[in-house]
Amino acid sequence: MRSKGVFLLMLLGALTAYYVYSPIPNNIEERWKLMLTDSFFRSLSHLADLSEQVGLLDYMRVMMFITFAERVVPISDDRVRVADDNFDGVEVVVYQPTQQGETEELRRAIIYLHGGGWCLGSSRMGPYDLLARHMVTELSAVIVSVEYRLAPAYHFPVPFEDVYRVVKYFLHADVLKSYHINPERIAVSGDSAGGNLAAAVAQQLQQDPDQHIQLKAQALIYPVLQALDLNTPSYQQNQHMPILPRTLMVRFWSEYFTSDKSFFRSMMTNTHNNPESAALLKFVNWSSYLPDAYRQAYNYSAPPVFTGKTPVRSIGPHHQLSDPRASPLLVPDTTLRLLPKAYVLTCEYDVLRDDGMMYVTRLRNAGVDVTHEHYPSGFHGALMFTVWPTDFEIGHRMLDNYVTWLKLNL
Ligand SMILES: *[C@@H]1O[C@H](CO)[C@@H](O)[C@H](O)[C@H]1NC(C)=O
Ligand SMILES: *[C@@H]1O[C@H](CO)[C@@H](O)[C@H](O)[C@H]1NC(C)=O
């Protein structure tokens, strides 16, 4: 029923011929399907814009429709036991194998953080529910899917802090014991904004002197990793690419920090840096951290620095822009060196490609063991497109490779 509803909505969007055509590169597989899927997202985005302009509902409130349309009630079945829980005040959904043999070896665990630009999404969306179930059965793992609070109702650092509280609560010997988990086989993972939270959590845990149990691995799926330079070659190349055009990513970033629209506008023109954040631009310098092939066609120029004083630059986002809990790329190598081994998935047709690529370079320079899987025909969000009618071959391949990595490394 749910899929049919989504399908009808897609069709409705698709009927508006104007929306259907989008310039999708030839080497992307199943182009017609991606165009159709994208036309739904773009129609909704235009509707959301319109709604905000006439003062009906804010943009993100309308976009939340996607989250509601895909909502499911996670239920137990004969292989997976699912329970809603609350870890230190934060909602989580815990998935574990139904078999409860006491003699069985201790399990692995993955703390999973969903995507959606810190503004959308839920662990109770069909694709995330399915992913969690798949990981339980393939890895005999316990999955903790975190229902962190979202912007714009809860700006940074609330979403990060929610996640961090869950992780700190979970990484206690007695809690792990109650789930029959091996404390040496725990990973954090997430996609897109969830990849951002996962990378940030991994960094903060390593620096936490009271933290005894540490993560074994971090798996970052097309992660967002920095807010300082929103004109990297991948932002330029893919500014109109489905399903995450540059405007939407910039909107997510600005809403994460503040609902002040002037901040959004300065981020759009890449003129949002202040003297404090400008001092950190060296950590996101794509002319040093991108492989040759990705920067050759582009000329580097550092984003300009705004030195004037306006309220939005001198209060909230001013400092938050430099905060590594929002932009994990902004830490020095000495911090990176301590990190657990990493898996980083990047897609060619993704504004966030270069965030991931730069993190791979920086982690490797710091001596961290990194597996980098780049999909030359990949697009943002593909791993979640594994359910009819928006199922893509490439999504299935990504899923298989990601789970295989976890199998071998966790
Ligand atoms: C970025 O790197 C290039 C050379 O790789 C250098 O010329 C430039 O000054 C750097 N800019 C910043 C802001 O670090
Ligand atoms: C980069 O700079 C060179 C030399 O100034 C110029 O010929 C080229 O067109 C520039 N490329 C881009 C993409 O702006």
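**The chain as a whole**

The chain exposes about 16,500 Å², of which carbon and sulfur atoms supply 55%; accessible areas come from the Shrake-Rupley method with a 1.4 Å probe, and for residues only the protein chains shown count as cover. This is a predicted model, in which local features need pLDDT of at least 70 and side-chain atom pairs count only at pLDDT 80 or more, while totals for chains, interfaces and linings use all residues. Residues are numbered from 1 along each chain as its sequence is written, chains are lettered from A and ligands numbered from 1 in the order in which they are written, and side-chain values use heavy atoms, with hydrogens and water left out.

The chain contains 19 helices and 10 strands, where helices (H or I, at least four residues) and strands (E, at least two) are DSSP runs numbered from the N terminus. Its radius of gyration is 20 Å, close to the 22 Å that the globule rule gives for 410 residues, so the chain is as compact as a globular protein of that length; the radius is taken over C-alpha atoms, and the rule is 2.2 Å times the number of residues to the power 0.38. Along its principal axes the C-alpha trace spans about 60 × 50 × 40 Å.

Of the 410 residues in the chain, 59% are buried, a word that stands for under 20% relative accessible area, with exposed meaning over 50% and partly exposed in between (1.4 Å probe, protein chains only). Among the contacts in the chain with a separation of 6 or more, 75% are between residues 24 or more positions apart, a contact being heavy atoms within 4.5 Å. The mean positions of the 35 positive and 42 negative charges are 2 Å apart; here Lys and Arg count as positive and Asp and Glu as negative, while His and the chain ends are not counted, and the place of a charge is taken as NZ of Lys, CZ of Arg, CG of Asp or CD of Glu.

Helix α4, which covers residues 59-69, has Y59, M60, V62, M63, M64, I66 and T67 as its buried residues. These buried residues pack against α3 (31-53) and α10 (246-257).

In helix α11 (residues 261-268), the buried residues are F263, F264, S266 and M267. Seen down the axis of α11, they fall within an arc of 165°, so they line one face of the helix; the arc is that of the directions from the helix axis to the C-beta atoms. Just after α11, N270 takes a positive phi of about 60°.

V90 belongs to strand β2 (residues 90-97) and, at 3% relative accessibility, counts as buried. Not counting residues up to four places away in sequence, V90 touches D85, V146, E147, D162, R165 and V166.

I143 lies in strand β4 (residues 141-146) and counts as buried at 0% relative accessibility. With residues up to four places away in sequence again not counted, I143 touches V93, V94, Y95, I110, Y112, A132, M135 and V136.

A193 is found in helix α8 (residues 193-206), and its relative accessibility of 0% makes A193 count as buried. Leaving aside neighbours within four places in sequence, A193 is in contact with H114, G115, G116, G117, W118 and V224. A193 and L225 are 32 residues apart in sequence and, C-alpha to C-alpha, 8.5 Å apart in space.

**Backbone features in the loops**

Most residues other than glycine have a negative phi, and most peptide bonds are trans. A cis peptide bond joins A151 and P152, with omega about 0°, and P152 is found in the loop between β4 and α6 (158-170). Another cis peptide bond joins P242 and I243, with omega about -10°, and I243 has its place in the loop between α9 (233-237) and α10.

D88, although not a glycine, has a positive phi of about 50°; D88 lies in the loop between β1 (80-87) and β2, and at 43% relative accessibility D88 counts as partly exposed. Y222, also not a glycine, has a positive phi of about 25° and sits in the loop between β6 (217-221) and α9, where Y222 counts as buried at 2% relative accessibility.
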